[in-house]
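Reader: I would like to go through this model in short questions. Please show it first.

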Amino acid sequence: MTIGRSMLASFADLVARGVAETSAPMWEQGDRTVSRTEASEMIARIRQALRARSLRQGDRIAVHADPTPESLAMLLGAMLEQLVVVPIDPGLTVARKVQMLELSRPLAIATGEGVDPAEIGQGLVRFDMAAALGRPLTGAGLTAQEPEAEPCYIFFTSGSTGVPKPVLGRRSGLAHFMSWERDMLMLSPTDRVALLTRFSFDVVLRDILLPLVAGCTSVLPDPGRQLDARGMLDWVSERGITVMHSVPSVAHAMLKAAPSVPTPGLRHTLFAGEPLNGGLVDRWRAQFPGVIVHNLYGPTETTLAKFHARVPTPPLSGIQACGRALPGTQVAIVAEDGQAAPQGTLGEVAICTAHGSLGYVDVRNEPDGLRPIMTAWAGKPHYMTGDLGYLDSDGALHLRGRKDDQVKVMGVRLELAGIAAALEMHPQIDKAVVLAEADEVGQKSLLAWYVPREGSAPSLPELRIFLADHLPPAGIPGQMFAVSDIPLTANGKVDKQNLPRFAADHVAPEGELETLITERFAALFEGETVGATTDFFALGGDSLVATMLCIDLAEQLGKEVAPGILLDAPTPRDLARVLGTRRNDDLAPFAPAPAEPEFALTPQQRRYLRTFLAGGNRNWCNMVAVIPLPDHVTANEVTMALRDISVHHDSLRLSFALDGDGTPRQSIRPNSRFELAEIDLSNLPQDAVAPEIARLKIREAEQPIPVFADTALFRATLLRLPSGGRKLLWNVHHLVSDGTSQGILAQNLSEWLADSNGYRERHADLPSFRDLAHAVNSRAGAAITGHFPHLLSEPTVYRHSYLPNVRDVADPQRCLAFDAALADETMQAARARARALKCTPYVILVAGYFRMLSRLTGQSDMAIVTPLAGREHPQARVMIGDLINLVPHRIHDLDRLDAAGLVARVRQLVTEAARHQDDQFDQVLDALDLPFPKDRNALTGFSLNYMPQSSRDTPALRLHSDRGYKLKYDMLFLMRDHRNCLNVEIQYRAGLFDQPGIEALFDQYETTLKAICNDS
């Protein structure tokens, strides 16, 4: 491609033309669209505010933000004002961000929405992005400052010493590349370019600038939406993405999560960052028919990409060519003797370009603050990449790895020697070697060989925990081999070809039970090599996978298998040993109960009655939900469905009374005794429907459901919506239902309305609640174990201090709620930390809750309660009823525990709680002679409820709401862990927090989680 007039355009000219020349929207994010006119005004307002703060050409400003229209306007405005921008991803650890600021030395910092401004940047000039965008424009426009200065941005590459290297980017180099990419792709105004790169990677500039200079639309992930591999694939389809830049490993993950149905619409994919394998290209094209695949190559030091290849059809076998150099760029292959290597001969890739970066920022050691990037070779400055490659007869570049032992795994550049050094830091290891190997589609994995010191060797789980403290998750080898010695070649180098290939954690299973469990592990962790001693947590097992595994094994073996068992028995061999000692009748069907009119409450019902109804029946016993229904469904159909469901789930027909001794008893009514109410909202404007439903939900929640009365323990209201829509406003007393039951009811209602006869056939064998109560009461012991009383009385008896009311409100007990989602980076870090520490993410989440509460209250002795579902029996899993128990957790020395110690303590608490979950909470209180307060939860005001979900959901926005009922807890964290996001609902008493205060508490919780994941 030749250099046209557009290749000579300045950066400011490119931006100005890109803003003005088309009518395509500039930015889209969620439901928000920003036109080019609006974007131009936003950029101009930023420039105006920068000038008002006396920030001048060459000053450095950090932009600590997630990608939003506001943060993009901030970056572009600062670049047009010829400041040097330092983009910083909020998802990085605090230590990493502080290090980046120390190395880049910015004068000012701008912080995006939802990012804690106090987290980093103390002492820097604070630039208020929101305030700048809110001020009226006085005419700064997009007029360029002349002449344009070269320093433009700072991004970081990983250094061989572990310290990131700040690279100062060249403005003209950026303009050169963007002009080339625009002209090469020839996009139209209808194209839609994905912005999927985080701010701390230089390639985000391609995502930001390409749609701008090409006159098309930049599409940003929805605010707060966390995209895993499948979520990213769905988003590309939902948003009509036509152009995307990607790293091959990300594409590999997307394809693993992809459905078998192709996804049309994507026109261009530009890969970079890692070698591109032909197998991946074939699979990508099958998923996105008609897509044009490009392969780019170029280090950060040479300004984005400097080589391009359009991948042929079919692709080359193995690694694809990087193509030919861009205009203004030359390449040489340097042999080991420092001379030019012949065509086709492997050597170090050296790049000569006038558009490379200006240097490494090094204010400590260089007089002008810059360390040169280029090295003189053959009379010209070249950047010596350290990559090995060769040129073919057409002048196309082919890469074949690193000259040194640097590799990229999942986009993270790693030093193999550094990983081996981390292994050798372990006190029981003498020598280690680490290699990276690629699979059939080019995805790299790490293998390690180590020589244990004489007489001792760490276990693989212990070794993973140790490495997690010294390496990023991507740097922990997937396979590690203990060997007696490292083989060497004749010249004393490691003989890689003769390193043995066996591993202690891939032992073949023995016996029928061990084989069955190993097969179930392999089915759940598809693509992983599983043996008899493979660790569940080392595979990345979480609470949902644990539940799926245990349900599967329980059904196949006819034995009770609860997820907590994995904490003690994490391998197939361990599980087989434990399950082999259990009776096969553990999960026999419930036996018919004696045919008596009245029967005793279950231990779970008794616990609820004593703790939550200690001061009488209150509206905090309400469980309110709004359930979607099919359009145009009639009141008669809903009434028949609920009556039929209550026939099969007779817990909905329970009636409670006191016997002659004042003891509560229960019986089952012949019918449900309810009348369906109706409310017509069909004439409301569409935008008024949701607020009215919210008002009705609050009104319903405010009214208690009588317990000792001759009426149903639930209320149901059919809501008639515009255009024939229907919803059910449902409220049920907690004494006959729990959170799991609410989902069961919604599923049953959907099944009945779709096929009432089929519903009756499928649920004909559902046990009576009387049978469940008889089975549970027969199994329950009269006394509890000493575990929980000991926990709560040693070293001293626990005494809780409830939070005092600090707000003057009409009803300080009223339940308010705040919904938000944990950032995807936070959950990824939590899952990686859990994997390394051999626990589930739930343990990490509880540890963060303890730490946050300690900081909130100033107390180092804290207790919380968490619910356990009580549905280990397969018949109980599908029944409506209150089956949960509350278990207490206490840590009395929070001030003495570091992050790893805190996680270990919580893991121990969770393990012991699972062992003693049949000890009912009210009996624990009796053993300690503790009271049952009328208006507070007994023992503690804090609870955390974690609910793993098999479904996907929309990440919760930061929204406040009124629940209507009173809350017995001070604060309750409800966590719904979906496959693509973790949504947190914080319920709290109105007298304790205002809205900014509860938002700050959520942010503090997330910050605390990050610190725990970073072992700080």
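Reader: Is tyrosine 153 buried or exposed?
Author: This is a predicted model. Tyrosine 153 sits in strand E7, residues 151–157. The cut-off for buried is under 20% relative accessible area. Tyrosine 153 has 1%, so the residue is buried.

Reader: Which residues does tyrosine 153 touch, not counting those up to four places away in sequence?
Author: Residues up to four places away in sequence are not counted here. The list includes Gly169, Arg170, Leu174, Leu205 and Thr303.

Reader: What separates the C-alpha atoms of tyrosine 153 and alanine 378?
Author: Along the chain, tyrosine 153 and alanine 378 are 225 residues apart.

Reader: Which residues of helix H8 are buried?
Author: H8 covers residues 229–238. Just after this helix, glycine 240 takes a positive phi of about 65°. The buried residues in H8 are Gly231, Met232, Leu233, Asp234, Trp235 and Val236.

Reader: What is omega for the peptide bond from threonine 313 to proline 314?
Author: Proline 314 lies in the loop between strand E14 (307–310) and strand E15 (324–325). The bond from threonine 313 is cis, with omega near -5°.

Reader: And what is omega for the bond from glutamate 794 to proline 795?
Author: Proline 795 is in the loop between helix H23 (787–793) and strand E35 (814–821). This bond is cis, and its omega is near 5°.

Reader: Is histidine 632 buried or exposed?
Author: Histidine 632 lies in the loop between strand E29 (622–629) and helix H18 (635–648). Its phi is positive, about 65°, although the residue is not a glycine. Exposed means over 50% relative accessible area. Histidine 632 reaches 54%, so it counts as exposed.

Reader: Is leucine 939 buried or exposed?
Author: Leucine 939 is in the loop between helix H27 (921–927) and strand E38 (942–948). Phi of leucine 939 is near 80°, a positive value in a residue other than glycine. Relative accessibility of leucine 939 is 8%, so the residue counts as buried.

Reader: Which strands stand at the edges of the open sheet of three strands?
Author: The strand order is E28-E31-E30, with antiparallel pairing. Each edge strand has a single partner strand, so one side of each is left without a neighbour in the sheet. The edge strands are E28 (599–600) and E30 (654–658).

Reader: Which residue in E31 stands opposite alanine 657?
Author: E30 and strand E31 (residues 664–668) run antiparallel. Five bridges join them. Opposite alanine 657 stands arginine 665.

Reader: How are H24 and H25 oriented to each other?
Author: The axes of helix H24 (residues 824–836) and helix H25 (residues 841–857) come within 8 Å. They cross at roughly 115°. Angles of 65 to 115 degrees count as roughly perpendicular. H24 and H25 are therefore roughly perpendicular.

Reader: Which residues make the contact of H24 with H25?
Author: H24 passes H25 in a right-handed crossing. H24 brings Met827, Ala830, Arg831, Arg833 and Ala834. H25 brings Pro841, Ile844 and Leu845.

Reader: How many nonpolar residues does the contact of H24 with H25 have?
Author: By class, this contact has two charged residues and no polar ones. The number of nonpolar residues is six.

How values were computed
Residues are numbered from 1 along each chain as its sequence is written. This is a predicted model: local features need pLDDT of at least 70, side-chain atom pairs count only at pLDDT 80 or more; totals for chains, interfaces and linings use all residues. Side-chain values use heavy atoms; hydrogens and water are left out. Two strands pair if DSSP finds at least two bridges between them. Helices (H or I, at least four residues) and strands (E, at least two) are DSSP runs, numbered from the N terminus. Buried means under 20% relative accessible area, exposed over 50%, partly exposed in between (1.4 Å probe, protein chains only). Contact means heavy atoms within 4.5 Å. Axes are lines fitted to C-alpha atoms, for helices over the stretch in contact, and angles run from 0 to 180 degrees between N-to-C directions. Angles under 35 degrees count as roughly parallel, over 145 as roughly antiparallel, 65 to 115 as roughly perpendicular and the rest as oblique. A crossing is left-handed if the near helix is turned anticlockwise from the far one by less than a right angle, and right-handed if clockwise. Ala, Val, Leu, Ile, Met, Phe, Trp, Tyr, Cys and Pro count as nonpolar, Asp, Glu, Lys and Arg as charged, and the others, Gly among them, as polar.
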